[in-house]
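Visitor: Please show me the structure. I have some questions about single residues, then about the chains.

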Amino acid sequence: MEDRETFHCNDNGDAGGGSNVVEIYPLSRYFFGSKDAIPDKDDCPADRIQRMKANYTARGMRTCVHGILLVELFQHPHVLLLQVRNSFFKLPGGRLRSGESDVEGLKRKLSRKLSSEEKVTDDDWQIDERIGMWWRSDFETLPFPYLPPNLHRPKECTKLFLVKLPTTRHFIVPRNLKLLAVPLCQLHDNNETYGPIISGIPQLLSKFSFNIIQD
Amino acid sequence: MEKDTSVADRLARMKVNYMKEGMRTSVDGILLVQEHNHPHILLLQIGNTFCKLPGGRLKPGENEIEGLRRKLCSKLAANSTSFQPNWQIGECVAIWWRPNFETVMYPYCPPHITKPKECKKLFLVHLSEREYFAVPKNLKLLAVPLFELYDNVQRYGPVISTIPQQLSRFQFNMVGMELLDNDPATYLKNKTWVKETNPCLERKIRQRVLTPLSGLSLSLSFAPREFVVPAPPTNGEQERRQPKSGVLAVGIGGVGLH
């Protein structure tokens, strides 16, 4: 669409960042398979809260890293989301181990959720910049995109990273999870279905100019 | 000076401009200050409710950064040339698109829209040690904390209320609390913002600045306090204090004495 080209923000080298142009490829370039289910660690939400609290007592603040992987469909960027038990949605990612860096942890989690078991050790994920951070004062409460002024001991910090996908890739997803490509226009303002973190992704991505590489 | 008396007027004027010049590009600045160890954004309030970021429309063919500087000067800087702030425009943190001549905007260009009517870009503006702001009579300058903006679409609209998310990736380095006592002679006790701008600005500013201000007020969302900014660290110091990239130093803007 020729008209659209002129609306991409031209990278005039403003003081702050690197390039804000991101290449995304059509969904048809990617292949999807399945692997053994990853067993759920908790039987119910109450169990999960218990486990989180126990971990907090033992290890301190929980840091999670999530990756935002983008593909193109119908000329519009789509985010890859995992759906658990046909109900709630989450971004690929998870908790960091102690001493692990953000990038290492994210690569490990992405491979665990999206690659076959053999590839886990030498997987090649291109982790780009951190685009958002959310803080939680408690495991049951809503997260905030800033550290609230009176909160001195946050229980959880969630970091979101943009992940640049190669031109083609084989995704292998555990059988108990569904991998979906959800358009930005569906996430936007849709707190009820996706929660504040995922529904806020379009605003975090707004500064990027997406270069859709067609065949 | 506001050009439109109503939303309908504003949209009508936008249509006329679109016919003449094509898609409107507007640039807004996010000016950060710090209060109670929490980041605040400077907003201009028109009347009693409507808040907007300092900024405005670019002229056709104008460079974004130059245009933002021009708009910041026209909204926040005194007319007198001796008080021009040196605006340091940082990165673009958000882009919003208006598909039609309506008030609704989206953080992406909606699919099937080939001719958006407006593109609005938000840039971070780094404030220096002390800033001298002069605000037009009909506007109020507010410093609003991030927690007041978050999720508050009703009061601030979708663009401003989502700024906290867009700034969330930065780790703010709150500069300033420790230097508050060092220089009692060089900052004002009570209020520090100058509210009016008119031809006698220079004389009036000098008068107000040198005497304790009781008449002028800066509307803050919380109790008014003086703003003092210490010198920003030199590059060497900066590296020691902020070893990571992606850390943003936030200063407090204030009025300097000359």
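Visitor: Is B:Glu118 buried or exposed?

Guide: This is a predicted model, so what follows describes a prediction. The relative accessible area of B:Glu118 is 1%. A residue counts as buried under 20%. Because 1% falls under that cut-off, B:Glu118 is buried.

Visitor: Which side chains make polar contacts with B:Glu118?

Guide: B:Glu118 lies in strand 6 of chain B. Its neighbours beyond four places in sequence include B:Met14, B:Trp96, B:Arg24 and B:Ser26. A polar contact of 3.4 Å links the side chain of B:Glu118 to that of B:Arg24. A polar contact of 2.7 Å links the side chain of B:Glu118 to that of B:Ser26.

Visitor: What is the phi of B:His112, and where does the residue lie?

Guide: Most residues other than glycine have a negative phi. B:His112 is not glycine, yet its phi is positive. The residue sits in the loop between strand 5 and strand 6 of chain B, and its phi is near 75 degrees.

Visitor: Is B:His112 buried or exposed?

Guide: The cut-off for exposed is over 50% relative accessible area. B:His112 has 70%. Because 70% is over the cut-off, B:His112 is exposed.

Visitor: Where is B:Asp151, and what is its phi?

Guide: B:Asp151 is in the loop between helix 3 and helix 4 (153-161) of chain B. Its relative accessibility is 57%, so B:Asp151 counts as exposed. Its phi is positive although the residue is not glycine, with a value near 65 degrees.

Visitor: How many residues does chain B bring to the contact with chain A?

Guide: Both chains take part in the contact. Chain A contributes 35 residues. From chain B come 37 residues.

Visitor: Which three residues of chain B supply more of its buried area than any other three?

Guide: The area buried between chain B and chain A is about 3100 Å², and carbon and sulfur atoms give 60% of it. Of the area that chain B buries against chain A, three residues supply 21%. They are B:Tyr108, B:Tyr150 and B:Arg169.

Visitor: Which residue of chain A meets B:Arg169 in a salt bridge?

Guide: Two salt bridges are found across the interface of chain B and chain A. In one of them, the side chain of B:Arg169 comes to 3.2 Å, N to O. The partner is A:Glu129.

Visitor: Which element of chain B gives the most to the side that touches chain A?

Guide: Six residue pairs are in polar contact across the interface. Elements of chain B that each supply at least two residues to this side include helix 2 (64-76), strand 6 (118-126) and helix 5 (163-167). The element that gives the most, with nine residues, is strand 5.

Visitor: What share of the residues in chain A is buried?

Guide: Chain A has six helices and eleven strands. Of its contacts with a separation of 6 or more, 73% join residues 24 or more positions apart. Among the 215 residues of chain A, the buried share is 51%.

Visitor: Where in chain A does pLDDT stay under 50?

Guide: The mean pLDDT of chain A is 86, and 89% of its residues reach 70 or more. One stretch stays under 50, although the model has 36 contacts for it beyond four places in sequence. That stretch is residues 1-17.

Terms used: Residues are numbered from 1 along each chain as its sequence is written. Chains are lettered from A and ligands numbered from 1 in the order in which they are written. This is a predicted model: local features need pLDDT of at least 70, side-chain atom pairs count only at pLDDT 80 or more; totals for chains, interfaces and linings use all residues. Side-chain values use heavy atoms; hydrogens and water are left out. Contact means heavy atoms within 4.5 Å. Buried area is the accessible area (1.4 Å probe) that two parts lose on being put together, summed over both. A salt bridge is a side-chain nitrogen of Lys or Arg within 4 Å of a carboxyl oxygen of Asp or Glu. A polar contact is a pair of N or O atoms within 3.5 Å; within protein, one must be able to donate a hydrogen and the other to accept it, and residues adjacent in sequence count only if both atoms are side-chain atoms. Helices (H or I, at least four residues) and strands (E, at least two) are DSSP runs, numbered from the N terminus. Buried means under 20% relative accessible area, exposed over 50%, partly exposed in between (1.4 Å probe, protein chains only). pLDDT is the predictor's confidence in each residue, from 0 to 100.
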